[in-house]
Amino acid sequence: MLLRRRDPVYHAGMKRICILAFPQALASSMAIPLEMISAADTIFRLRHQQRKSTVKLQIVAEDNNSITVSGGMSINPGCRLADTGICDLIFVPALWGNPRAAVMQHSASVAWLTQQYAAGATVCSVGSGSYFPGAAGLLDGKPATTHWRYFDDFESRYPRIKLQRKRFITHQDRLYCTGSVNAVRDVMLHFVEQLFDSSTADEVARHFTHELKRSYESLLLAVDQQDTHHDELIIKVQEWLQKHYQRDIRMRDLAPRFGLNARSFNRRFRQAANKTPVEYLQEVRIYQARELLKHSNLSIAEIAFAVGYQDVSYFTGLFRRMHDVTPNAYRRLVRTKLFNVGTRHTPGNDG
């Protein structure tokens, strides 16, 4: 089947984004992409004084009948799968209940995903929604993840897929998977940056998350999938650093702990993680510092000491270099939720 763009209002440069709907779908896994992209479009048009939207958002289903999704919410699809034409980005929602049964009941959706991907669409599945591109064979030979409850079943059912049990987000060749509904916000910031620009993504992050910058998982989306490594020894090193980051850690003493000399340790860590061990430790410590700034009343000096830094000035400088704001400024921003779009206020900005 040859797919063509069928919408007469579709204009050059517009991206068509489709969200699949099924009766078993979790409404939140559909609403988050819908709301974040809609907000991004509003922000972008206000900033650039642009009247025309650059995206067309649609909820699509196998027919036009009203669908009652998990939780009892009723949804009226805007388009049948047969009438969508070519989509640029497709979201497959998470499912409540047995994903295997859902795939069997919606074989037309599996076939549609196959056609859309062949026509150039990017596909992003949420949680157990990964069963759909999995059943379509799109993920064969590629990394993928799913909801943790279905790891064993997913791996058994789709042995050719490289299941990533430690990743909340995977991507390769226009195929994205998230391990939970919460991870959708991270992957959405990546898509917003691709569809609009980085400043729009940063503003959307302020509206929909309590972070000022992307999580480590979402930062992986900006680089090749090869940066998501499988070096089991280095994974053990990373886990050790995450557990003992408060200590006074000397990398020259850490290498022998894992049976490596310093030179081999640094080379292998950089090759696997695309950063030095010191840079990784800094990321872990600053992440923990952000959590304390958000959720505690500790002083900056106390937070610095709690995450492993004796020198408060060094900690403050490092935090500012990594986040473009001081620790105090970060604390004020995340606690007061200062959401501004230039000098205007957009409705519905409380996420």
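The model is predicted: local features require pLDDT of at least 70 and side-chain atom pairs count only at pLDDT 80 or more, whereas totals for chains, interfaces and linings use all residues. Residues are numbered from 1 along each chain as its sequence is written, and side-chain values use heavy atoms, with hydrogens and water left out.

**Figure 1. Overview of the protein chain, with 15 helices and eleven strands.** Helices (H or I, at least four residues) and strands (E, at least two) are DSSP runs, numbered from the N terminus. Of the 351 residues in the protein chain, 52% count as buried; buried means under 20% relative accessible area, exposed over 50%, and partly exposed in between (1.4 Å probe, protein chains only). The protein chain exposes about 17,500 Å², of which carbon and sulfur atoms supply 48%. Accessible areas come from the Shrake-Rupley method with a 1.4 Å probe, and for residues only the protein chains shown count as cover. Among contacts (heavy atoms within 4.5 Å) with a separation of 6 or more, 66% are between residues 24 or more positions apart.

**Figure 2. Crossing of helices α12 and α14.** The axes of α12 (residues 277-295) and α14 (residues 312-323) come within 11 Å and cross at roughly 95 degrees. That angle makes α12 roughly perpendicular to α14. Axes are lines fitted to C-alpha atoms, for helices over the stretch in contact, and angles run from 0 to 180 degrees between N-to-C directions. Angles under 35 degrees count as roughly parallel, over 145 as roughly antiparallel, 65 to 115 as roughly perpendicular, and the rest as oblique. Helix α12 contributes Gln282, Glu283, Ile286, Ala289, Arg290 and Leu293 to the contact, and α14 contributes Tyr314, Phe315, Leu318, Phe319, Arg321, Met322 and His323. By class, the contact of α12 with α14 has eight nonpolar, two polar and three charged residues. Ala, Val, Leu, Ile, Met, Phe, Trp, Tyr, Cys and Pro count as nonpolar, Asp, Glu, Lys and Arg as charged, and the others, Gly among them, as polar.

Figure 3. Thr146 is buried, with a relative accessible area of 1%. Its side chain forms a polar contact of 2.9 Å with the side chain of Ser130, and a polar atom of the Thr146 side chain lies 3.2 Å from the backbone oxygen of Gly127. A polar contact is a pair of N or O atoms within 3.5 Å; within protein, one must be able to donate a hydrogen and the other to accept it, and residues adjacent in sequence count only if both atoms are side-chain atoms. Thr146 and Ser130 are 16 residues apart in sequence and 6.0 Å apart in space, C-alpha to C-alpha. Beyond neighbours within four places in sequence, the residues in contact with Thr146 include Phe151, Phe154 and Leu163.

**Figure 4. Ser296 in the loop between α12 and α13 (300-306).** Ser296 counts as buried because its relative accessibility is 15%. The Ser296 side chain reaches the backbone nitrogen of Leu298 at 3.4 Å.

**Figure 5. Positive phi values at Arg174 and Asp324.** Most residues other than glycine have a negative phi. Arg174, in the loop between β10 (169-172) and β11 (175-178), has a phi near 65 degrees and is partly exposed at 33% relative accessibility. Asp324, in the loop between α14 and α15 (327-336), has a phi of about 65 degrees and is exposed at 57% relative accessibility.

**Figure 6. Lys236 in helix α9 (residues 232-244).** Lys236 counts as exposed, at 52% relative accessibility. Lys236 and Phe258 are 22 residues apart in sequence and 8.7 Å apart in space, C-alpha to C-alpha.
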